[in-house]
Amino acid sequence: MEFMGIITIDPEAFNVWSLRISMSLTTIIFILGCFLALRGFLYLRSPDAARLERVKGEEISPDDGFAESVAKILWSTVKADQGEGQLPPKPFLHDATRQVAENMFHGKFINKISLCSNLLPPIGLWGTVAGMIVIFLYTGDPGNALNKGAVGTKLWSTFLALIYYVSLEGIVLLLVMKSRKSMDRGLSVKL
């Protein structure tokens, strides 16, 4: 296969390498997303209520779980406002803390996992386009094994990318639901 009269490309090698690259990239990105999700689930571990009451007055540390961080954020807000004499209403404190904690969790985990999942369909499409290039530009017999392999390339790379995409999006949904439960647990500390 000749490209613009300048480069000659072996369609069989192009077909094989485009499949390898597409499938390798999607798998690596999927594994990265799963690793981030695992870290997110570990961060959402649930301490008991007594532990939350003990740690709520301490400074936030990197070793804290999400519920502990939420309790510490809420408590630090209450302490800062008590110095002014008037404590804001509880619903306001809970809502403000919820927003800060949610932004923190999304920035640490959800946004990065979503980035990984959103990269997968275009990479799968790249594999599809590479397979179609072989089909459309190969001047040989349309029914030969090379063209059938190109069809397989486009289908497998897209199929794999879409399975990975749906899996990561499902994991993101589970993380968001679990983070809300963990956040409610952190907001349950006594003020």
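## Surface and overall fold

The accessible surface of the protein chain comes to about 11000 Å², and 65% of that surface belongs to carbon and sulfur atoms (areas by the Shrake-Rupley method with a 1.4 Å probe; for residues, only the protein chains shown count as cover). This is a predicted model, in which local features need pLDDT of at least 70 and side-chain atom pairs count only at pLDDT 80 or more, while totals for chains, interfaces and linings use all residues. Residues are numbered from 1 along each chain as its sequence is written, and side-chain values use heavy atoms, with hydrogens and water left out.

The protein chain has five helices and two strands, arranged along the sequence as β-β-α-α-α-α-α (DSSP runs numbered from the N terminus: helices are H or I of at least four residues, strands E of at least two). Of its 191 residues, 38% count as buried (under 20% relative accessible area; exposed is over 50%, partly exposed in between, with a 1.4 Å probe and protein chains only).

## Glycine 33

Glycine 33 lies in helix H1, which spans residues 11–43, and is buried, with a relative accessible area of 0%. Leaving aside neighbours within four places in sequence, glycine 33 is in contact with Ile113, Cys116 and Leu168 (heavy atoms within 4.5 Å). Serine 117 is 84 residues from glycine 33 in sequence, yet their C-alpha atoms are 7.2 Å apart.

## Tryptophan 17

Tryptophan 17 is also placed in helix H1, but counts as partly exposed because its relative accessibility is 49%.
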